[in-house]
Protein chains: 4
Amino acid sequence: MKIDVGVLGATGMVGQRFVSLLADHPWFEPRFLTASSRSAGKPYVDAVNWFLDEEIPESVREVDVRETKADFPADLVFSALPSSVASHVEPEFANEGYIVASNASSYRMESGIPLLIPEVNPNHLDLINSQKRSKKHGGAIITNPNCSTIILAMSIAPLYKRYGIKEIKVATLQAVSGAGYSGVPSMAIIDNVIPYISGEEEKMENETLKILGQIVGSEVDQAEIEISAQCNRVPVIDGHTENVWVKLENNSTINEIKEVMENFRGEPQKLELPSAPKKPIHVLDERDRPQPRIDRGRNKGMSISIGRLKKGKSDGELTFTVLGHNTLRGAAGASILNAELLVEKGYM
Amino acid sequence: MKIDVGVLGATGMVGQRFVSLLADHPWFEPRFLTASSRSAGKPYVDAVNWFLDEEIPESVREVDVRETKADFPADLVFSALPSSVASHVEPEFANEGYIVASNASSYRMESGIPLLIPEVNPNHLDLINSQKRSKKHGGAIITNPNCSTIILAMSIAPLYKRYGIKEIKVATLQAVSGAGYSGVPSMAIIDNVIPYISGEEEKMENETLKILGQIVGSEVDQAEIEISAQCNRVPVIDGHTENVWVKLENNSTINEIKEVMENFRGEPQKLELPSAPKKPIHVLDERDRPQPRIDRGRNKGMSISIGRLKKGKSDGELTFTVLGHNTLRGAAGASILNAELLVEKGYM
Amino acid sequence: MKIDVGVLGATGMVGQRFVSLLADHPWFEPRFLTASSRSAGKPYVDAVNWFLDEEIPESVREVDVRETKADFPADLVFSALPSSVASHVEPEFANEGYIVASNASSYRMESGIPLLIPEVNPNHLDLINSQKRSKKHGGAIITNPNCSTIILAMSIAPLYKRYGIKEIKVATLQAVSGAGYSGVPSMAIIDNVIPYISGEEEKMENETLKILGQIVGSEVDQAEIEISAQCNRVPVIDGHTENVWVKLENNSTINEIKEVMENFRGEPQKLELPSAPKKPIHVLDERDRPQPRIDRGRNKGMSISIGRLKKGKSDGELTFTVLGHNTLRGAAGASILNAELLVEKGYM
Amino acid sequence: MKIDVGVLGATGMVGQRFVSLLADHPWFEPRFLTASSRSAGKPYVDAVNWFLDEEIPESVREVDVRETKADFPADLVFSALPSSVASHVEPEFANEGYIVASNASSYRMESGIPLLIPEVNPNHLDLINSQKRSKKHGGAIITNPNCSTIILAMSIAPLYKRYGIKEIKVATLQAVSGAGYSGVPSMAIIDNVIPYISGEEEKMENETLKILGQIVGSEVDQAEIEISAQCNRVPVIDGHTENVWVKLENNSTINEIKEVMENFRGEPQKLELPSAPKKPIHVLDERDRPQPRIDRGRNKGMSISIGRLKKGKSDGELTFTVLGHNTLRGAAGASILNAELLVEKGYM
């Protein structure tokens, strides 16, 4: 007996990833697909400009696309809406009693709304209770972080828990898919780098502190880390690469740190959630890895890969490069893993 | 009356840049072009696999390529040799009395050999005297830094002089031309990033400290800055982009810092050397600049461009992005500017 | 005494090329720049998202952008308007007495409107007379062909004139700039080819026959050639590459054909028009040329380059590859050369 | 009971594809991996510079790489050797009694050696008998065509059989992987097209005629088709795109032709060979397909995709675009399918 779910904004790039991942999902059945009114009424195959390198799943080809309205019989919806739309649509769904597992940025920093990476801060899911109490029909919004934040936060979470962290600096080399299908014109990026992504540095800096924060009552007490991000767009289709400097509270050896990262496991692994990678973090020994084209697909794009792990110049400083798939682990896969945790924890 | 000069390794990528820049040079006449024995004896047009987007200069098309031996009547040679060859060939030329303006890495860190950026440490040229005394015929080697180092060092030099610097972190996004024509296979870099460049991080860290150091006797007393680099290759033809964090000894305002950078001038500007850009540093206000494809050619590729200048999280911390043309300001143009300073200072 | 001219659609990609080329033009002064109402009223520097790898010309930085209305004192305007806008705006300007040198496709195939390549069919300019008579104030529209058509037509014109042509097949590899700044998303073209460009094959097939046609009265009697085009978009910024098969009416030798191409000259060369390349066609002997990145800039992007010239399998068949700069020779430069011919021929 | 096989040249790009495909093969066990003497003696994981976006198969990681000598106990070897090496090594193996399924070009056009596409000319396998008789130990060489030839030949085979073909023109847009890992420097192809691939046009023209030829005695009587190819390299990792013009002997309708292509089946499909795609040719209706990044992986890269199918200008003329995966269907997968046919037909 699968759970009927909806995908809001199902024709965009993250929407297509949702559809692709949900088509074979053991728990969820993507019965309701929404898009802008321009597409409403068409079968999905006609409404979508499909660009993944796999066929449109048979089960959704002929599903009629609907307008994004809270009028269909599902308890759970995944939101791939742009934040400008999400900001007013997601509360409508929550008010009508839907659980909204959102990839949009609109409510991530809202107190009382979980900003979740199931391996990192599963207990933040508790915030959902106060939401559910406050809505008419028991709906709620849960969010996953920005793509570049998830990759960073997963890489530092085991270090933060074991050693404490005083300071993080991160420079990113981000794939064009992070900007949506039409987000980066080819004229802007062939033979080029763009050293700016609107709002991205702030998202990385702010979201990371919330994710690593502690629940106090029905609020999150943010982590106290000095964090600074510089974000760049590069001519890569999928996969964000990040150069990281971390200053640990308590120093350790590279071997131990490597072990801590490799052995990192969380709730999704314990609960054997369907989308959970067996091993969330892979540490690569090759001196020129991770690389987006080679490593982004690891464990169906749900693991992150770390390489070039070494000591920095000052005491407790560590440097490494981390890579993750921005539209899988960093977006659609993240939302689905969130929903799986929510189901398994009995919130549905 | 031009000075006859030679170009060692004239058929490679940096070699072609030397040839292109020297063909129109007001002081230098590239009369002697050397390459490996395979090419020796052929006219340059037949020996070279020309790839610049301009024609081979008429004046060198028919110049016969020679083997790389110190047997031709010129006082000055530019070396675009690979370091494995440069390490034994350059001393041979110096011993025979040639001044060698080298782009190779072999002798950059040698005490007694100037590692020069004419705007930054022109007084390091004095080291040449002890060299000239020690060689039979008064020859000497002068070097320019690694491409990514020059760009970084130019950007921080005015800050170092004015405010002092305690700490530098830099993440680079480097063009493929930095690895030589065949250095990066297309299979390795299309839709990809490589988070490793052999020896590059060490070069950036070590060379920067020598450049910013003080001459004490006939040695350089290196600067004391905690510096850490992470280097990446990206699918860009020319132009290295660098994200920089700097911790100043003495804090200031962004406006003043911007002014300090924009007003930075050095010996090449005072002496009006032929290859000197009027303004070595351009600070761009657009939020998404500098970008390699748009900004690398500024002032014939001899200026660097800085953007995204802003305060960091902690006191005295500054972040910015700097871009420069790696085979012009970062290689051939750098050597030529070094030689111009040397001529103007009366060392020839 | 320069002629005041306007540029319609001055902020787009072809518009920027117009502005860049006209800023230094010896005859024309770009005093009036128009754009959509959104940009109207702003200085050009603020209205434009400049992307050329040169600075915005000083002379136009502060020019106030106007709405695209026929209300300013200039006799000549260059149109870089999208065809949907050009179709109603260009006749308005012509009716008000302006000469419109247009790069838009709207009126290219209209009988009575010259579709001009000054080297190829300068006599088609005569069509302008009937237009000027029919308009209230003596205005007229002249057009240049589609970018891929110009490059093809220039390459075959000398062959057509000398030998006659029965059949042409052409496969194109076209740059992304041909689609406008946002025309091709990076997600669509990195590590990819798109074997379709809307309307392009029909334009190449139809426009070529008009260009090579004969003026009969005030109409063009189209050339009779069997022509078939297949068009592809490739990850190249500027420069269209075209593989051509031509069947000549009268056979010849490769040497003679090469000479015919290299010696091809037209009115622009005889009249020494400012934008005319000395040599419109360069035939390259290197076996792997022409290449867009290396050869597109030849003669300021106004010459085309031909390579791989060889006999085909059947009698009279010839194959070659031709390359030209699509936004210079294929767009803005083409319109300007048209206007120069028009001025020199006394039509203003 | 699997058949032990060897892979000659197992560390190169096609070699890695062989290893990846054979690791899971139901019939073949890749027990012997050879490479140059430089790699011999190392475990495969250390000898190879693995670049596929999947892990090195566990079963071969620790296999010791051997020199390429005919001294190991296997009856069948796959050759991914460069042709300069293959030309002397492959006959040595055949003389020692091995069956050599080769991807090298050295012996493709040799009379008496099958040049095989199992769906197209399975009966050419008979040529092997005369070879086996002539060798001491019953060995033989069978070859698959050049990558761009396979894709073309598969697309035209059903048309040739049904309608006859008088003439073919083809322009290719070929991926960089076709040149081997280091074959195309990134400096040569970023923002560029190279309109030349050494020997490629001749291979396409000659090999196609042999493949479509008839066996007469122990020779192949080549097909009589006027065929002309123009070949280009483009910045694509995998997947060759080809624009094709075909002149049919007997005309038909597009609908019928489409049906003929879609229904095309051959021996591999009848015999249900492990590597056979269920449907060798997919005809796509979308106007902008096939595209390499989206369509190359169809049926594990073993099907070709055809699009833009339409009538040409003259009677019987047909134009279309065909795409196939050059290192799967066009190389390693092709050799393996050949070997599967050979096993199933009882030649081992």
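Start by selecting chains A and B: 32 residues of chain B are in contact with 32 residues of chain A. Here, two residues are in contact if their C-beta atoms, placed from the backbone, lie within 7 Å. What you're looking at is a predicted model, in which local features need pLDDT of at least 70 and side-chain atom pairs count only at pLDDT 80 or more, while totals for chains, interfaces and linings use all residues. To find your way, residues are numbered from 1 along each chain as its sequence is written, and chains are lettered from A and ligands numbered from 1 in the order in which they are written.

Now color the side of chain B that touches chain A. At least two residues come from each of β7 (165–174), β10 (226–233), β11 (240–248), α11 (292–295), β13 (304–311) and β14 (317–324) of chain B. Those labels are DSSP runs numbered from the N terminus: helices are H or I with at least four residues, strands are E with at least two. Which element gives the most to this side of chain B? Select β10(B), which gives the most, with four residues. By class, the side of chain B that touches chain A divides into 12 nonpolar, 12 polar and eight charged residues. (Ala, Val, Leu, Ile, Met, Phe, Trp, Tyr, Cys and Pro count as nonpolar, Asp, Glu, Lys and Arg as charged, and the others, Gly among them, as polar.)

A rotation of 180° with 0.0 Å of shift along its axis puts chain B on chain A, with an RMSD of 0.0 Å.

Hop over to chains C and D. Their contact takes 32 residues from chain D and 32 residues from chain C. On the side of chain D that touches chain C, β7 (165–174), β10 (226–233), β11 (240–248), α11 (292–295), β13 (304–311) and β14 (317–324) of chain D each supply at least two residues. β10(D) gives the most to that side, with four residues. Chain D goes onto chain C by a rotation of 180° with 0.0 Å of shift along its axis (RMSD 0.0 Å). These two copies are therefore related as by a two-fold rotation axis.

Stay in chain D and select helix α6 (residues 147–163) and helix α9 (residues 254–262). Their axes come within 9 Å and cross at roughly 120°; axes are lines fitted to C-alpha atoms, for helices over the stretch in contact, and angles run from 0 to 180 degrees between N-to-C directions. Show the side chains next: Pro158(D), Leu159(D) and Arg162(D) in α6(D) meet Ile257(D), Val260(D) and Met261(D) in α9(D). That makes five nonpolar, no polar and one charged residues in the contact of α6(D) with α9(D).

Back to chain A, this time to color it by domain. The assignment, which is an automatic or database one, gives domain 1 (3–146 + 332–344) and domain 2 (147–326). Taken over C-alpha atoms, the centres of the two domains of chain A are 24 Å apart. Where they touch, 33 residues of domain 1 of chain A are in contact with 31 residues of domain 2 of chain A. On the domain 1 side, α5 (127–134) and α13 (328–344) of chain A each supply at least two residues, and α13(A) gives the most, with seven residues. By class, that side of domain 1 of chain A has 16 nonpolar, 12 polar and five charged residues.

Zoom in on Arg289(A) and Pro290(A), joined by a cis peptide bond with omega about 5°. Pro290(A) is found in the loop between β12 (281–283) and α11 (292–295) of chain A. Then pick Asn299(B), a residue other than glycine whose phi is positive, near 50°. Asn299(B) is found in helix α12 (residues 298–301) of chain B.

Last, color by confidence. Chain A has a mean pLDDT of 96, with 100% of its residues at 70 or more; pLDDT is the predictor's confidence in each residue, from 0 to 100. The model scores ipTM 0.95 and pTM 0.96.

How values were computed: Copies are superposed by least squares on the C-alpha atoms of residues with pLDDT of at least 70 in both.
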